[in-house]
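Colleague: I am new to this model. Could you show me how to read its features, one at a time?

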Amino acid sequence: MRVVIQRVSQASVSVNGNLTGLIGNGLLVLAGFEHSDTEEDLEWMVGKIVRLRIFNDAEGIMNLSVMDVNGQILVVSQFTLHAKTKKGNRPSYVQAAPPDIAIPLYEKFIMMLEHATSKRVERGVFGAMMDVSLVNSGPVTIIIDSKNKDL
């Protein structure tokens with residue numbers, strides 16, 4: 001599982017002009033799932049996301065988590081996070097999980113985030129062509145991969 005996390009002052013996602021998710025201060029999480037992802041990957045990632053200290057404290061130091069600032073979370077599925085660009089100019093997405101694997105992982109991931117935060121997690125529509133808008137605060141953007149915990 002690979003995510004791109006952006007600290008935002010606001011973010012939204014819409015499909016065909018219809019708003020499906022909207023948050024204020026918090027995290028926009030772009031999430032890509034691969035064939036070999038398990039519930040263990042989801043648990044590890046949820047723990048990282050909710051405890052990631054990327055919000056400023058009173059001294060302006062990134063020392064607070066989304067939980068500490070009572071922030072919101074918006075999750076958008078994005079299989080292109082698993083793009084392979086080694087050969088040619090057209091990315092390959094063979095590492096990305098197909099919908100029959102990815103959809104249950106996506107739904108479980110959101111459910112686990114909601115349980116961990118005790119808050120509703122806003123979301124996009126899996127597999128849809130989505131328009132994502134955001135105001136990246138900082139800017140702060142973090143990439144985390146459950147298969148490469150050294151990132």
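Colleague: Leaving aside neighbours within four places in sequence, which residues is Ser146 in contact with?

Modeller: Contact means heavy atoms within 4.5 Å. By that rule, Ser146 touches Met1, Asp37, Asp41, Trp44 and Met45. A word on the source: this is a predicted model, where local features need pLDDT of at least 70, side-chain atom pairs count only at pLDDT 80 or more, and totals for chains, interfaces and linings use all residues. Residues are numbered from 1 along each chain as its sequence is written, and side-chain values use heavy atoms, with hydrogens and water left out.

Colleague: What joins the side chains of Ser146 and Asp41?

Modeller: A polar contact is a pair of N or O atoms within 3.5 Å; within protein, one must be able to donate a hydrogen and the other to accept it, and residues adjacent in sequence count only if both atoms are side-chain atoms. Here the Ser146 and Asp41 side chains form one of 2.9 Å.

Colleague: Is Ser146 buried or exposed?

Modeller: Buried means under 20% relative accessible area, exposed over 50%, and partly exposed in between (1.4 Å probe, protein chains only). Ser146 has 3% relative accessibility, so it counts as buried. Arg51 is at 60%, and therefore exposed. Across the protein chain, 43% of the 151 residues count as buried.

Colleague: Where do Ser146 and Arg51 sit?

Modeller: Helices (H or I, at least four residues) and strands (E, at least two) are DSSP runs, numbered from the N terminus. Ser146 is in the segment after β8 (130-145). Arg51 belongs to helix α1 (residues 39-51).

Colleague: In what order do the elements run from the N terminus?

Modeller: The order is β-β-β-α-β-β-β-α-β-β. That makes two helices and eight strands.

Colleague: Why is the chain called as compact as a globular protein of its length?

Modeller: The radius of gyration is taken over C-alpha atoms, and the globule rule is 2.2 Å times the number of residues to the power 0.38. The protein chain has a radius of gyration of 15 Å, close to the 15 Å that the rule gives for 151 residues, so it is as compact as a globular protein of that length.

Colleague: Now strand β1. Which side chain does the side chain of Gln6 make a polar contact with?

Modeller: The partner is the side chain of Asn136, at 2.8 Å. Gln6 lies in β1 (residues 2-15). Its relative accessibility is 13%, so Gln6 counts as buried. Beyond its neighbours within four places in sequence, Gln6 has contacts including Leu27, Leu134 and Val140.
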